[in-house]
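Here is a short note to read alongside the coordinates. Please check each point against the structure as you go.

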Amino acid sequence: MKSKVRISGTVKVPGDKSISHRAVLLSAIAEGESHIRGFLNAGDTLSTVGMVRALGVEVRQESGTVLRVAGRGLKGLSEPEDVIDAGNSGTTMRIGAGILAAQPFMSIVTGDPYLRRRPMKRIVEPLVKMGAAISGRKGGTLPPLCIRGGNLSGIRHEMTVASAQVKSSILLAGLFAEGPTTVVEPLPSRDHTERMLSAMGAKIASSGNEKTVDPAARLRPISIDIPGDISSAAFFMVLAASVPGAHLLLDGVGVNPLRTGLINVLRRMGAEIQLEALRMEGLEPVADIEVQGFDLTGTEIFPEEIPGLIDEVPALCVAAALAEGRTVIRGAGELRVKESDRIGAMASALASLGVRCGEYPDGIWIEGPSRIVSGARCDSKGDHRIAMALSVLSAAAGVPIALADTACIDTSYPGFRGTLEGILE
Ligand code: S3P
């Protein structure tokens with residue numbers, strides 16, 4: 001099909017959100033000054049900076065993306081004077097809680113209305129088992145959380161869902177514990193914490209889906225270049241992939257193999273995607289991603305593929321709406337407890353845009369190619385990834401969408417709108 005939309009150019013996406021959070025949290029407990037370049041200067045990651053500052057850590061933001069963090073060592077944090085606000089960031093609250101659980105003081109962590117609805121039992125239970133005292137609303141399952149750190153003991157914890165936040169939270173608590181701490185995941189999730197801990201001198205071992213950390217005496221500071229965020233690049237990958245004749249280069253994107261599920265799926269649907277200049281930048285593999293668009297066909301996404309593209313599902317739904325035939329995504333029940341219920345949010349937005357689709361408890365089916373209703377009203381539900389996915393659908397289809405609440409995009413990608421406008425010819 002010849003498209004009326006033309007897309008070309010080069011895009012440089014901002015720094016990886018997951019790695020930015022970890023770089024700040026781990027630098028805060030390292031001994032000495034860490035230097036972070038390519039930091040994601042956005043709402044979520046600034047919440048993490050706020051958290052470590054509240055714990056007495058000096059963070060100098062030399063420019064938007066360059067930070068110096070004066071680590072206080074494993075035992076040098078101080079009791080926050082006030083409630084810590086994690087904003088919209090589940091990563092700040094969950095991974096941060098792993099460190100707070102080991103401190104000899106009390107911290108209270110809250111968040112915005114969306115974060116206060118997200119499940120915390122998955123971290124509270126194991127951290128309490130290790131020896132921390134944690135309470136929260138609804139029997140300790142919802143924020144705010146009040147954490148009184150304790151002397152922790154290592155545990156072996158079998159997780160029921162694959163979650164890098166839960167895994168990281170427990171591994172960080174394990175640094176402070178007596179004896180080794182092991183987490184077992186049903187499927188492998190992103191391993192940025194493990195890579196960074198190991199670079200900072202912690203002893204961390206991997207065997208299948210099991211990760212074991214030993215108690216640490218100290219962490220070395222790091223000097224780190226953070227690659228572009230593949231979860232931000234995803235929106236442009238989908239846009240270019242779905243528009244026949246489109247050609248886009250995404251410069252310097254992290255391609256950790258536990259994060260590249262979307263590339264495999266888009267190739268399966270018929271897009272041409274090349275990883276150019278594949279290299280290691282510090283701890284992570286990085287590439288320039290070249291995407292060429294074609295008429296796509298629907299595909300099936302299986303449960304074991306989900307952890308590798310968990311944050312990319314809203315974008316993938318857009319590719320599905322524009323592809324020929326049915327796309328089925330299953331095993332993605334976790335999406336119902338993200339910044340919004342992303343299955344419900346995408347299904348209701350797509351339905352109001354005239355796309356045939358339906359929900360499963362753990363997924364969604366979408367049938368394309370759809371003629372997108374011009375000017376239809378849709379709601380991002382305050383979720384940055386829903387807002388960006390619908391913006392991309394509007395651009396790919398070449399029709400306006402009346403999208404409520406786009407300010408949330410700043411959570412992970414300030415500048416998204418300008419970049420999008422820059423590649424539309
Ligand atoms: C993240 C892990 C994922 C992901 C989130 C960021 C991280 O969440 O959805 O956006 O940085 O560890 P889960 O750990 O809940 O899978």
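1. R330 is partly exposed, because its relative accessible area is 30%. The model is predicted, so side-chain atom pairs count only at pLDDT 80 or more. D362 is also in the partly exposed class, at 23% relative accessibility. R330 and D362 form a salt bridge, and their closest N and O atoms are 2.8 Å apart. R330 sits in the loop between β18 (325–329) and α11 (342–352). D362 sits in the loop between β19 (356–360) and β20 (363–368). The pair therefore ties together parts that are 32 residues apart in sequence.

2. There is also a salt-bridge network. Salt bridges with shared partners join R118, R190, D311, E339, R342 and D383 into one network. The structure holds 34 salt bridges. Side chains of opposite charge can pair when their charged atoms come close.

3. R259 and D229 form a salt bridge, with 3.0 Å between the closest N and O atoms. This pair links distant parts of the chain, 30 residues apart. R259 is in the loop between β14 (247–254) and α9 (261–268). D229 is in the loop between β13 and α8 (230–242). Are R259 and D229 buried or exposed? R259 is buried, and D229 is buried too.

4. Now the sheet. Four strands make an open sheet in the order β3-β4-β2-β13, and the pairing is mixed. From one strand to the next, the twist averages 15 degrees. Helix α2 (residues 43–54) packs on the sheet and touches β3 and β4. The direction of α2 makes about 145 degrees with that of β3.

5. Within the sheet, β2 (residues 31–37) and β4 (residues 66–72) run antiparallel. Seven bridges join them. H35 has R68 in β4 as its bridge partner. The side chain of R68 also meets that of E62 in a salt bridge, at 2.9 Å from N to O. R68 is partly exposed, with a relative accessible area of 23%. E62 counts as partly exposed at 41% relative accessibility.

6. Helix α12 (residues 384–397) passes a length check. Its 14 residues should span 20 Å at 1.5 Å a residue. The end C-alpha atoms are 20 Å apart, which agrees. How many residues of α12 are buried? The count is 14 of the 14, so α12 is largely enclosed by the rest of the structure.

7. Both ends of α12 deserve a look. D383 caps the N-terminal end of α12. A side-chain oxygen of D383 lies 2.9 Å from the backbone nitrogen of R385. D383 also belongs to the salt-bridge network with R118, R190, D311, E339 and R342. G398 follows α12 and has a positive phi, near 70 degrees.

8. Last, a loop glycine. G150 lies in the loop between β8 (142–148) and β9 (156–158). G150 is partly exposed, with a relative accessible area of 22%. Leaving out residues up to four places away in sequence, G150 touches A101, A102, Q103, G131 and A132. G150 and L278 are 44 Å apart in space, C-alpha to C-alpha, and 128 residues apart in sequence.

Notes:
Residues are numbered from 1 along each chain as its sequence is written. Side-chain values use heavy atoms; hydrogens and water are left out. Two strands pair if DSSP finds at least two bridges between them. Helices (H or I, at least four residues) and strands (E, at least two) are DSSP runs, numbered from the N terminus. Axes are lines fitted to C-alpha atoms, for helices over the stretch in contact, and angles run from 0 to 180 degrees between N-to-C directions. Contact means heavy atoms within 4.5 Å. The expected span of a helix is 1.5 Å times one less than its number of residues. Buried means under 20% relative accessible area, exposed over 50%, partly exposed in between (1.4 Å probe, protein chains only). A polar contact is a pair of N or O atoms within 3.5 Å; within protein, one must be able to donate a hydrogen and the other to accept it, and residues adjacent in sequence count only if both atoms are side-chain atoms. A salt bridge is a side-chain nitrogen of Lys or Arg within 4 Å of a carboxyl oxygen of Asp or Glu.
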